[in-house]
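I hope they are handy as you look through the structure.

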Amino acid sequence: MITEILAPHKLVSFEKIDTTIYATAEEACNATANEIAALIQHKQRNGQTTVLGLATGATPKKVYEALILLYRKKELSFKNVVTFNLDEYYSLQPDALQSYRYFMQENLFKHVDIESKNCFVPHGGIPQEMVKMHCWDYEKRIEEFGGIDFQLLGIGRNGHIGFNEPGSHVSAATRLITLDHLTRFDAAYEFGSLANVPRKAITMGVGTILKAKRIVLLAWGERKANIIQQAVEGPVTEFIPASYLQGHHNVEFILDESAAAALTRKKTPWLTDDVLWNNGMIKKAVTHLALTLNKPILKLTNNDYNQNGLSDLLALYGQAYDINIEVFNQLQRTITGWPGGKPKADDTFRPERAMPENKRVLIFSPHPDDDIISMGGTFQRLVDQGHQVHIAYQTSGNIAVADDEAFRFIDFIKDYNQQFGISNPDADKMYDEALAFLKIKKNGEKDIESLRKVKGIIRMGEAKNTCRFVGVPDNRAHFLNLPFYETGLVEKKPIGEADYEIISNLIEEIQPHQIYAAGDLADPHGTHKVCLDGIFEAMKRLKAKSSKLTAESWLSDCWLWLYKGAWAEWDIDLIEMAVPMSPDQVLKKRNGIFKHQSQKDGVVFQGADSREFWQRAEERNSATAALYNKLGLAEYAAMEAFVRWKF
C-alpha cells in the first residue's frame, strides 16, 4: 500500500475570478447573508439606502432564510433597503405561483420589514407594446437610487446570468428576451411540464449587472460544475454570459464542493498546488492520466507522468510500473458479482464481507422507482443470492403522476363499479370532484386531497409490482410517506423530527447488515438529498443510542453503500464496489423499470434529458463498464457503482 507523502510546493492559479469554496451550500449561504447584512448595517449607521439586486430560484433560498433569521433576532432591519430583481417570466401576472414576484414575496419580502414600495420586480403581465418603456423605466429607477450596491446572481447550466442567454451582448440593458431551450427545460419542474414554461422573460441586461458595485454569484451541485469551470477559467465569450464577469472589479463566485469539482484546483490539484500524495489522490491522478491519454493504466510510462504534471509522483515513488500495478489492483478489487459478499471466500480484498452469508439488506429509494432505476441489477443479485432484502420507499412520489393518468384510474373505478353492479357513492363523488377540479386547475396548483391520494396509490402499486418482479415479498416493501414531501406542491417542507423518527424506527426494526441509499450529494434542494440527510441523521441518532446501551451492537456491523441517480455516476477513483451486469441482466433491469408505467413516455418532471429513465440508466451503466475496460480491466456489458459511507 502506498504511504502518504507531501509533494514539493508549487502554486498556480487557472482562475480569472475570485472563487471561494465552502463545504456545504448552507455554509456558503450563511456567509453570503452575513455579508449582505453587514452592508445594510453599515449603510444604516451612515443614514444611507442599501440597493440590492436579487435573484430567485433554489440557489439563493437559504440566503433569504438566513436574512429572515437575522431580522427575527432583531439584528437586522430592512427599512433602508431597496431591491431590484433580475428578471421575470413574460406573460405571468405577479400573483402567479411561478412568478418571481410571488417567489420573492413568499421567500423574503413578507417576512421582513421592507417597505413594499421599495421592492421592484419586472412586471411580466404588461402588454407587449409597453415592455420597452417598462424596461427603460426599470433602468432609470436603478440609476435614481444610485445604482446597485450588491448584486446576487445564480448561473444557468448554459452560463446565463439573469435571463441573459448565450449570445447576449456585454452592454445589453434590461429587455425582453427569448428563453433558451435548456433554460425552459430546467424550469419545467416548477411549471409541471415543458409546455407550460413561458418562452420569454424580462431581464436585467449584462451591462446593467456589471454596473453593480459588488457582485456575488452562487452555485451549488455537480450539474453546475462544468459551466462554472468555463466561466471562471475559460475565455470571455458571449456564448457563456457569466464569463463577462471576469471584467468586473469586485466580483466573487461562491460555490459548494460539488459545483467546484471541475475547477483545475479540484479536478487536477497537483497542477496548481502542493498535494498530499495519499492513496486516494494517487488513484485520482493515475486514472485521470490514463483517461486523458486514452491508455490502459498498465501501459502508462515514466514519460507520460513527467509530461503531464506528475513528475513529483514519480520522484516520490519511483517507476511508473509500480504505481500502475498498485492502482490497477485497487480498481480490479472493486469489481464483484457478489454485492452482499461471497460466502466461504477470502474477503481480504473484496468490497463486502463474506459473513454473515445471508444478510439483512435495506434499500432506501427516495421515489418509488429509484431502486430499480439506479441499482436494479444489484437489487436482483441480492435477492437471487439469498439475502433478506427490504425496500423502503421514502416518499409517495405523487406529484410526478400526470393528471390524466390519475383521472384514468378514477374513471376505471367508476366503470368497474358500474360493470359489476357495485354501488359506491363515495367513488362517484370522487370522480365528480376530480373532473370539476381538473377543468379549472391552474399550472402548479395544489391537487385536491383525493387526487393526491390516487396518484400516491398509482406509484405504490407500480413499486409493489417491481418488487414482485424482482422477488421481494409484499411484507418487505415499506412505504414511509415521509411528511416533509406531502405538501402537494413542488416546494417541500424542511425535513424534521417526524421524518427522522420514521426512518430510525424502520432501520432499528430491520437491523440491517447493509443499507443502500441514493447518494446524490450534489443537489442540496432535491428530494434525493433531503432523503439522504434523513438517513444520515437517523444513523447518527441510532449510533448515539447504541453506544449508551452496548459497545457492540448490530449497528457496528452495518455498512452503508451509496448509489447515484439516473443522470450521473461516481467518479472512477471514488468507486469502491462495481457490480457487473450481463446483457440478460441489463434487459431484466429494463423490464423492471417498465413496471413504473406512470413514469414512462411523457414524464411530468422530465428535466433537460428527453430520454426515458431506462435509457438513461442503461447508458450510464454501460458507460461505467466501458470506463473500466478503457483503463485496462475486463469488459462487461454494464456496471452499477457504489461508494461506502463511513459513519
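1. Thr 178 stands opposite Lys 200 in strand S9. That pair belongs to the antiparallel pairing of strand S8 (residues 175-178) with S9, which is made by four bridges. On strand S5 (residues 87-89), Tyr 89 stands opposite Ala 201 of S9; S5 and S9 (residues 200-203) also run antiparallel, and three bridges join them. Please keep in mind throughout that this is a predicted model.

2. Next, have a look at the parallel sheet. Seven strands form an open sheet in the order S2-S11-S10-S7-S3-S4-S6. Leu 217 has Phe 253 as its bridge partner in S11.

3. What do the buried residues of helix H7 pack against? Their contacts are S2, S10, S11 and helix H8 (264-267). The buried residues in H7 (residues 225-233) are Ala 225, Ile 227, Ile 228, Ala 231, Val 232 and Glu 233.

4. Arg 223 and Asp 186 meet through their side chains at 3.7 Å, N to O. Arg 223 sits in the loop between S10 and H7, while Asp 186 is in helix H5 (residues 181-191), and the two are 37 residues apart. Arg 223 counts as exposed, with a relative accessibility of 54%, whereas Asp 186 is partly exposed at 30%.

5. A further salt bridge joins the side chains of Glu 257 and Lys 266, at 2.9 Å, N to O. Both partners are on record here as follows: Glu 257 is partly exposed at 36% relative accessibility, and Lys 266 is partly exposed with 28%.

6. Buried or exposed: which describes Glu 569 and Arg 620? Both are buried. Their side chains meet in a salt bridge of 3.6 Å, N to O. Glu 569 lies in the loop between strand S17 (559-563) and S18, and Arg 620 lies in helix H20, so the pair ties together parts that are 51 residues apart in sequence. The model's count comes to 35 salt bridges, and Asp 403, Lys 441, Asp 447 and Lys 455 are linked in a network of them.

7. Helix H19 (residues 583-593) has a buried side made of Val 586, Lys 589, Gly 592 and Ile 593. Those residues lie on the same side of H19 because they cover an arc of only 115° around the axis. Pro 583 and Asp 584, on the other side of H19, are exposed. The cover over the buried residues includes helix H13 (370-384), helix H16 (449-470), strand S18 (577-581), helix H20 (613-630) and strand S19 (638-645).

8. Ile 422 belongs to the loop between helix H14 (403-419) and helix H15 (425-440), and it counts as partly exposed at 39% relative accessibility.

9. Finally, Lys 110 is in the loop between helix H3 (100-107) and S6. Its relative accessibility of 47% makes it partly exposed. Lys 110 and Leu 97 are 13 residues apart in sequence, and their C-alpha atoms are 15 Å apart in space.

Terms used. Residues numbered from 1 in each chain as written. Predicted model: local features only at pLDDT ≥ 70, side-chain atom pairs only at ≥ 80, totals over all residues. Heavy atoms only, no water. Pairing = 2+ DSSP bridges. Buried < 20%, exposed > 50% of the residue type's maximum accessible area, 1.4 Å probe, protein only. Arc of directions from axis to C-beta. Contact = heavy atoms within 4.5 Å. Salt bridge = Lys/Arg side-chain N within 4 Å of Asp/Glu carboxyl O.
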